[in-house]
Amino acid sequence: MSRVSRKEDQFYDMLLALSKDILTTVTIWHEITCDWPNSASRISEVAAQEIRCDATENAILDELNTSFITPFDREDLDSIACMLGEVGDLAEGTAARYEIFDVHDMIPEAQRMTGLIVEAMTEMVALFEHFHDFRKDPTSKERAKKVGAIEDQGDIVYRNALGRLFNEPDDPIHVLKWMSLLDPMEATLDYCKSISNTILAVIMKNA
């Protein structure tokens, strides 16, 4: 294997490692959401895992800043790493809000949204497992399209949740609280779709 190939491979390996770290983060977040409030003690697990994600993301960016050799456009690589990092940040920040906002009962739409985020990141890990060979292997392209379809499902869940919140007579603080939780859940799925779109663009530009 040539020196160039080794330098390229490390970026693929690091993106895969980051995606796996983030999948673990959002999986814990989803488990907390589904078992709330019994799972309150696990919020610290999300925070600890997110620190690990930050370290992996920073390692990618540090390597990018010092490397003359990248497998595709530097800007795309930077965007993918940073958007993956945002997924971890949103998972940690939103989970922490469960306690800050004194959430007593979890609405089903929140459980569905975090479940879709886990599905999207599962597809993302599969995408990055094949990304090093994207010029020949269609798997990355197929998985990226699946992430987009999952985000579309999330839009429906989000809109339905908002409709129910605003149409059911309730405490306006309750509505505000859940808007402040559902919005970052939707944003998390948006980041997943943005990553998949960037991947599709990379594949098109380098075909």
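Here is a short tour of helix packing and aromatic pairing in this predicted model.

Let's begin with helix H2, which covers residues 43-66. Its 24 residues reach 35 Å from the first C-alpha to the last, close to the 34 Å expected at 1.5 Å a residue. Several residues of H2 are buried, among them Ile-43, Val-46, Cys-53, Ile-60, Leu-61 and Leu-64. The buried set also includes Gln-49, Thr-56 and the glutamates Glu-50, Glu-57 and Glu-63.

| Helix pair | Angle between axes | Distance between axes |
|---|---|---|
| H2 (residues 43-66) and H3 (residues 74-100) | about 165° | 9 Å |
| H4 (residues 108-130) and H5 (residues 139-167) | roughly 170° | within 9 Å |

Angles over 145 degrees count as roughly antiparallel, so H2 and H3 are roughly antiparallel to each other. Their crossing is left-handed, and the contact of H2 with H3 has 12 nonpolar, two polar and eight charged residues.

As for H4 and H5, their axes cross at roughly 170°, which makes H4 roughly antiparallel to H5. In the contact of H4 with H5 there are 13 nonpolar, five polar and seven charged residues.

Now for the aromatic rings: the structure holds six aromatic pairs. One of them joins Tyr-12 and Phe-72 in a tilted arrangement, with 6.3 Å centre to centre and 50° between the planes. This pair links distant parts of the chain, since Tyr-12 sits in helix H1 and Phe-72 in the loop between H2 and H3, 60 residues apart. Tyr-12 is buried, at a relative accessible area of 6%, and Phe-72 is buried too, at 5%. Through ring pairs, Tyr-12 and Phe-72 belong to a cluster with Phe-128, Phe-131 and Phe-134.

Methods:
Residues numbered from 1 in each chain as written. Predicted model: local features only at pLDDT ≥ 70, side-chain atom pairs only at ≥ 80, totals over all residues. Heavy atoms only, no water. Helix = DSSP H or I, 4+ residues; strand = E, 2+ residues; numbered from the N terminus. Expected span 1.5 Å × (residues − 1). Buried < 20%, exposed > 50% of the residue type's maximum accessible area, 1.4 Å probe, protein only. Axes fitted to C-alpha atoms, helices over the stretch in contact; angles between N-to-C directions. Parallel < 35°, antiparallel > 145°, perpendicular 65-115°, else oblique. Left-handed = near helix turned anticlockwise from the far one by under 90°. Nonpolar A, V, L, I, M, F, W, Y, C, P; charged D, E, K, R; others polar. Phe/Tyr/Trp six-rings, centres within 6.5 Å; stacked < 30°, edge-to-face > 60°.
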